[in-house]
Amino acid sequence: MDFLLEEEFSVSPDFTRQFITACDPALTYRSTDKVAHSVSDKHGEADLIVLLSVIRDADQSPRLALLIEDKITAGFQPQQAGRYRNRGKAGKDDGLWDRFLTVLVAPKAYIPLGHGFDASISFEEIKSWLCLGDPIRREFKQRRIDEAISKKNATGVQVVDAEMTAFRAAYFDHLQSFNARHGTDFAMRPPKDTYYGDSWFILKSHALPPWSVIRHMASAGNIELTFQDTDYEKCTGLDELREADMELIRTGKYRQHVTLRLHVPKIVAFNDFQSRQEDVETTLYGAERLLRLFQQNQVEFEKIVIPARVREKTVGKAP
């Protein structure tokens, strides 16, 4: 959902206009200045920060920040709404914006009374604002929102898992060490409270295009370089570029991605990072192999993958 919202704020003034009106009918939308995903600071992490120019009245045209927390199944953390408000006040004091609104976005049934945010917007409301002039994209995105709502109804609200939280924090620290030793620039989300079963580790690199990502699926024992929203049938030429122990496969719920996969040690227990550190090191070496393969053959990869891409996505950049 983070990326769906990020795209809509980045490319659709109509969507942004309706979102702002739902938050505060006294505001009139003028323009979108910046969209940033997963912004971390001393107050924690904001799922989205959207910087806008709005009109408050005839004499005021403030710079407005929407500080958005996107929830599906994750439980509320202590003082979460307060931390968003503190982030908003700090940004105002630093001159980053003139006004701010903290906004909770979640399935309607999830939004509790007294949530503490300035406004709340339900997934059900957002469905009606999507891609009004493009029925095919509208249907696709509405289906994704329905899936998010169904996920919440099926699983309920999740509770923070202390072991997984500690494991991911140690993994993050080890990744910094690996980068320093190997000259890589792998990045993953900063440590934060994590939930049971959150055993996918998403790695990014400036050397990769924005439509690709490296995923460590720890419980399955895979490290993958994935080209998102790409037609597999048009990518068979990648077989000639892959190394012998790499698989070229379809992945994704709708088999919409093309992936180069390496098998690595499975990790199914997350109570002690130290005991699995060697497995993580082996996995990151596999990630480096995938990255170097792409770098060494980038022209050939792009000649094959770019024409095979099903859709292009506009992604806001973090400040």
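Two strands are said to pair if DSSP finds at least two bridges between them. Strands (E, at least two residues) and helices (H or I, at least four residues) are DSSP runs, numbered from the N terminus.

This is a predicted model, in which local features need pLDDT of at least 70, side-chain atom pairs count only at pLDDT 80 or more, and totals for chains, interfaces and linings use all residues. Residues are numbered from 1 along each chain as its sequence is written, and side-chain values use heavy atoms, with hydrogens and water left out.

An open sheet of mixed pairing is formed by 5 strands in the order S1-S2-S3-S4-S5. At its edges lie S1 (28–41) and S5 (119–122), each of which pairs on one side only. From one strand to the next the twist averages 25°, where axes are lines fitted to C-alpha atoms, for helices over the stretch in contact, and angles run from 0 to 180 degrees between N-to-C directions. Helix H2 (residues 13–23) packs on this sheet and touches S1, S2, S3, S4 and S5, contact being heavy atoms within 4.5 Å. The direction of H2 makes about 85° with that of S1. Helix H3 (residues 80–93) lies across S1, S2, S3 and S4, at about 50° to S2.

| Pair | Sense | Bridges |
|---|---|---|
| S3 (63–70) and S4 (99–106) | parallel | 7 bridges |
| S6 (200–203) and S7 | antiparallel | 4 bridges |
| S7 and S8 (222–227) | antiparallel | 6 bridges |

Leu 66 stands opposite Leu 101 in S4, and Trp 200 stands opposite Met 217 in S7. S7 and S8 form a hairpin with 4 residues between them. In strand S7 (residues 212–217), 6 of 6 residues are buried, that is, under 20% relative accessible area (1.4 Å probe, protein chains only).

Terms used: Buried < 20%, exposed > 50% of the residue type's maximum accessible area, 1.4 Å probe, protein only.
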